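Me: I'd like to go through this model with you. Can we settle the terms as we go?

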Amino acid sequence: ESLQILSVGNNGLADLTPGIFDKLNLLTGLNLKGNGIANVTAATFGGLESIISVDLSKNNISTIGAGVFDISTELRFVSLSHNALGSTESESESESESESESTVPVEPGAFGRSLNSVWLAGNNLTCAGLADGALPSGAECVDGEVCDARWGVAVFGDDFCMERIDPAYG
(Lines give C-alpha, C1' and ligand atoms only; values in the text may rest on other atoms or scores of the structure.)
Protein backbone atom coordinates (compact mmCIF):
# COMPACT_ATOMS: atom_id res chain seq x y z
CA GLU A 1 0.00 0.00 0.00
CA SER A 2 2.91 2.42 0.53
CA LEU A 3 4.71 1.68 -2.76
CA GLN A 4 5.35 4.98 -4.55
CA ILE A 5 7.58 4.11 -7.51
CA LEU A 6 7.36 0.88 -9.49
CA SER A 7 10.00 0.06 -12.09
CA VAL A 8 9.41 -3.01 -14.22
CA GLY A 9 11.27 -1.86 -17.29
CA ASN A 10 12.99 -4.34 -19.62
CA ASN A 11 11.13 -7.33 -18.19
CA GLY A 12 9.62 -8.76 -21.37
CA LEU A 13 6.07 -7.80 -20.41
CA ALA A 14 3.76 -8.08 -23.40
CA ASP A 15 0.33 -7.68 -21.83
CA LEU A 16 -0.98 -5.62 -18.95
CA THR A 17 -4.13 -7.14 -17.49
CA PRO A 18 -6.85 -4.52 -17.00
CA GLY A 19 -6.94 -3.57 -13.33
CA ILE A 20 -3.41 -4.79 -12.62
CA PHE A 21 -2.64 -1.53 -10.80
CA ASP A 22 -6.00 -1.21 -8.99
CA LYS A 23 -4.55 -1.52 -5.49
CA LEU A 24 -1.59 0.82 -6.06
CA ASN A 25 -3.41 4.07 -5.32
CA LEU A 26 -0.32 5.73 -3.76
CA LEU A 27 1.95 5.02 -6.75
CA THR A 28 3.46 8.23 -8.17
CA GLY A 29 5.90 6.83 -10.75
CA LEU A 30 5.50 3.86 -13.10
CA ASN A 31 8.33 2.68 -15.38
CA LEU A 32 7.26 0.17 -18.03
CA LYS A 33 10.04 1.11 -20.46
CA GLY A 34 11.54 -1.45 -22.83
CA ASN A 35 8.95 -4.20 -22.66
CA GLY A 36 6.86 -5.64 -25.48
CA ILE A 37 3.63 -3.91 -24.50
CA ALA A 38 1.40 -3.37 -27.54
CA ASN A 39 -1.94 -2.39 -26.03
CA VAL A 40 -3.02 -0.08 -23.22
CA THR A 41 -6.61 0.84 -22.44
CA ALA A 42 -8.38 3.06 -19.92
CA ALA A 43 -8.81 -0.03 -17.71
CA THR A 44 -5.06 -0.72 -17.71
CA PHE A 45 -4.22 2.14 -15.35
CA GLY A 46 -7.31 2.10 -13.14
CA GLY A 47 -6.59 2.73 -9.47
CA LEU A 48 -3.53 4.92 -10.02
CA GLU A 49 -5.08 7.90 -8.25
CA SER A 50 -1.75 9.52 -7.29
CA ILE A 51 0.27 8.79 -10.44
CA ILE A 52 2.50 11.63 -11.65
CA SER A 53 4.61 9.96 -14.34
CA VAL A 54 4.28 6.96 -16.64
CA ASP A 55 7.12 5.76 -18.89
CA LEU A 56 5.92 3.50 -21.71
CA SER A 57 8.85 4.25 -24.01
CA LYS A 58 10.45 1.53 -26.14
CA ASN A 59 7.38 -0.70 -26.37
CA ASN A 60 5.17 -1.65 -29.35
CA ILE A 61 2.19 0.64 -28.73
CA SER A 62 0.50 1.76 -31.95
CA THR A 63 -2.67 3.47 -30.67
CA ILE A 64 -3.83 5.32 -27.56
CA GLY A 65 -7.59 5.37 -27.08
CA ALA A 66 -9.70 8.05 -25.48
CA GLY A 67 -9.31 8.25 -21.70
CA VAL A 68 -6.26 5.98 -21.42
CA PHE A 69 -4.35 8.59 -19.42
CA ASP A 70 -7.38 10.28 -17.87
CA ILE A 71 -6.59 8.38 -14.71
CA SER A 72 -5.50 10.96 -12.20
CA THR A 73 -5.59 14.71 -11.74
CA GLU A 74 -1.96 14.32 -10.62
CA LEU A 75 -0.64 12.86 -13.91
CA ARG A 76 1.92 15.26 -15.42
CA PHE A 77 4.37 13.27 -17.56
CA VAL A 78 3.87 10.44 -20.08
CA SER A 79 6.56 9.06 -22.37
CA LEU A 80 5.49 7.13 -25.43
CA SER A 81 8.80 7.61 -27.21
CA HIS A 82 10.11 4.88 -29.48
CA ASN A 83 6.85 3.02 -29.94
CA ALA A 84 4.86 2.25 -33.10
CA LEU A 85 2.57 5.30 -33.01
CA GLY A 86 1.74 6.37 -36.54
CA SER A 87 3.24 3.28 -38.15
CA THR A 88 1.57 2.07 -41.29
CA GLU A 89 -0.03 -1.36 -41.36
CA SER A 90 1.40 -4.16 -43.42
CA GLU A 91 -0.38 -4.87 -46.72
CA SER A 92 -1.87 -8.13 -45.42
CA GLU A 93 -3.43 -6.33 -42.45
CA SER A 94 -4.71 -3.53 -44.68
CA GLU A 95 -6.38 -5.97 -47.04
CA SER A 96 -8.42 -7.49 -44.21
CA GLU A 97 -9.85 -4.12 -43.13
CA SER A 98 -12.21 -1.98 -45.13
CA GLU A 99 -10.88 1.31 -46.44
CA SER A 100 -13.47 3.19 -44.42
CA GLU A 101 -11.96 1.96 -41.14
CA SER A 102 -9.06 4.15 -40.17
CA THR A 103 -7.17 4.11 -36.91
CA VAL A 104 -6.32 7.38 -35.19
CA PRO A 105 -3.00 6.76 -33.38
CA VAL A 106 -3.95 9.00 -30.45
CA GLU A 107 -7.64 9.72 -29.93
CA PRO A 108 -9.03 13.00 -28.60
CA GLY A 109 -9.10 12.93 -24.80
CA ALA A 110 -6.40 10.27 -24.57
CA PHE A 111 -4.22 12.25 -22.16
CA GLY A 112 -6.87 13.45 -19.74
CA ARG A 113 -7.06 16.90 -18.22
CA SER A 114 -3.93 17.43 -16.12
CA LEU A 115 -0.99 16.35 -18.29
CA ASN A 116 1.96 18.78 -18.61
CA SER A 117 4.19 16.89 -21.05
CA VAL A 118 4.12 13.93 -23.40
CA TRP A 119 7.14 12.57 -25.27
CA LEU A 120 6.68 11.11 -28.77
CA ALA A 121 10.26 10.97 -30.11
CA GLY A 122 11.10 7.97 -32.26
CA ASN A 123 7.54 7.42 -33.55
CA ASN A 124 6.19 8.05 -37.04
CA LEU A 125 3.58 10.21 -35.33
CA THR A 126 4.82 13.69 -34.44
CA CYS A 127 3.31 16.24 -32.12
CA ALA A 128 1.93 18.11 -35.14
CA GLY A 129 0.07 14.95 -36.16
CA LEU A 130 -1.89 14.58 -32.91
CA ALA A 131 -5.66 14.79 -33.27
CA ASP A 132 -7.32 17.97 -32.02
CA GLY A 133 -8.14 17.49 -28.37
CA ALA A 134 -5.65 14.67 -27.78
CA LEU A 135 -3.71 16.84 -25.33
CA PRO A 136 -5.25 18.95 -22.59
CA SER A 137 -5.06 22.72 -23.02
CA GLY A 138 -1.55 24.00 -22.26
CA ALA A 139 0.15 20.61 -22.35
CA GLU A 140 3.55 20.30 -24.03
CA CYS A 141 4.32 17.68 -26.65
CA VAL A 142 7.98 16.85 -27.31
CA ASP A 143 9.02 14.84 -30.35
CA GLY A 144 12.71 15.73 -30.28
CA GLU A 145 15.42 13.73 -28.57
CA VAL A 146 16.48 16.30 -25.97
CA CYS A 147 15.31 15.48 -22.47
CA ASP A 148 13.49 12.47 -23.80
CA ALA A 149 12.58 9.05 -22.55
CA ARG A 150 16.17 7.86 -22.82
CA TRP A 151 16.42 9.38 -19.33
CA GLY A 152 13.06 7.95 -18.36
CA VAL A 153 10.04 9.82 -17.17
CA ALA A 154 10.74 10.39 -13.53
CA VAL A 155 9.18 12.26 -10.69
CA PHE A 156 11.20 15.44 -11.06
CA GLY A 157 8.24 17.82 -10.92
CA ASP A 158 8.66 21.05 -12.84
CA ASP A 159 12.45 20.55 -13.01
CA PHE A 160 12.22 17.53 -15.33
CA CYS A 161 14.09 19.03 -18.30
CA MET A 162 17.00 20.83 -16.74
CA GLU A 163 20.72 20.88 -17.38
CA ARG A 164 21.51 19.18 -14.10
CA ILE A 165 19.29 16.25 -15.04
CA ASP A 166 19.76 15.93 -18.81
CA PRO A 167 23.38 15.95 -20.04
CA ALA A 168 22.11 16.63 -23.57
CA TYR A 169 21.65 20.24 -22.49
CA GLY A 170 25.38 20.62 -21.81
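Reply: Burial first: buried means under 20% relative accessible area, exposed means over 50%, and partly exposed is in between, with a 1.4 Å probe and protein chains only. This is a predicted model, where local features need pLDDT of at least 70 and side-chain atom pairs count only at pLDDT 80 or more, while totals for chains, interfaces and linings use all residues. Residues are numbered from 1 along each chain as its sequence is written, and side-chain values use heavy atoms, with hydrogens and water left out.

Me: Good. Is Trp119 buried or exposed?
Reply: Buried, because its relative accessibility is 1%.

Me: And Phe77, buried or exposed?
Reply: Phe77 counts as buried too, at 4% relative accessibility.

Me: What kind of pair do the rings of Phe77 and Trp119 make?
Reply: A tilted one. Rings of Phe, Tyr and Trp (its six-membered ring) pair if their centres lie within 6.5 Å; planes under 30 degrees apart are stacked, over 60 edge-to-face, and the rest tilted. Phe77 and Trp119 have ring centres 6.2 Å apart and planes at 40°, so the pair is tilted. Phe77 is in strand E4 and Trp119 in strand E5, 42 residues apart, so the pair links distant parts of the chain. Strands here (E, at least two residues) and helices (H or I, at least four) are DSSP runs, numbered from the N terminus.

Me: How many aromatic pairs in total?
Reply: The count comes to four. One of them is Phe21 with Phe45, which is stacked: 6.1 Å centre to centre, 5° between the planes. That pair also links distant parts of the chain. Phe21 is in the loop between E1 and E2, Phe45 in the loop between E2 and E3, and they are 24 residues apart. Phe21 and Phe45 are both buried.

Me: Which residues form the aromatic cluster?
Reply: Phe21, Phe45, Phe69 and Phe111 form one cluster.

Me: Now the sheet. What is the strand order?
Reply: E1-E2-E3-E4-E5-E6, in an open sheet of six strands with parallel pairing. Two strands pair if DSSP finds at least two bridges between them.

Me: Which strands stand at the edges?
Reply: E1 (5–7) and E6. Each has a single partner strand, so one side of each is left without a neighbour in the sheet. The twist averages 5° from one strand to the next. For that, axes are lines fitted to C-alpha atoms (for helices over the stretch in contact), and angles run from 0 to 180 degrees between N-to-C directions.

Me: How many bridges join E2 to E3?
Reply: Three, between residues 29–31 of E2 and 53–55 of E3, which run parallel. Asn31 stands opposite Asp55 in E3.

Me: Switching to disulfides. How many are there?
Reply: One, counting cysteine sulfur atoms within 2.5 Å as a disulfide. Cys127 and Cys141 form it, with their sulfur atoms 2.0 Å apart. The link is left-handed, with -80° about the S-S bond. Cys127 lies in the loop between E5 (117–119) and E6 (140–142), and Cys141 lies in E6, so the pair ties together parts that are 14 residues apart in sequence.

Me: Are those cysteines buried or exposed?
Reply: Cys127 is buried, with a relative accessible area of 18%. Cys141 is partly exposed, at 21%.

Me: What about salt bridges, how many?
Reply: A search of the whole structure finds one. The rule is a side-chain nitrogen of Lys or Arg within 4 Å of a carboxyl oxygen of Asp or Glu. The side chains of Arg113 and Asp70 meet at 3.4 Å, N to O. Arg113 is in the loop between H1 and E5, and Asp70 is in the loop between E3 and E4, 43 residues apart. Arg113 is exposed at 64% relative accessibility, while Asp70 is partly exposed at 32%.

Me: Last topic, the loop between E4 and H1. Where does Gly86 make contact?
Reply: Gly86 lies in that loop. Leaving aside its neighbours within four places in sequence, Gly86 is in contact (heavy atoms within 4.5 Å) with Ser62, Pro105, Asn124 and Leu125. The C-alpha atoms of Gly86 and Leu125 are separated by 4.4 Å, though 39 residues apart along the chain. Gly86 is partly exposed, with a relative accessible area of 29%.

Me: And where is His82?
Reply: In the loop between E4 (77–79) and H1 (91–96). His82 is partly exposed, at 29% relative accessibility. Its C-alpha atom is separated by 9.0 Å from that of Ile61, 21 residues apart along the chain.
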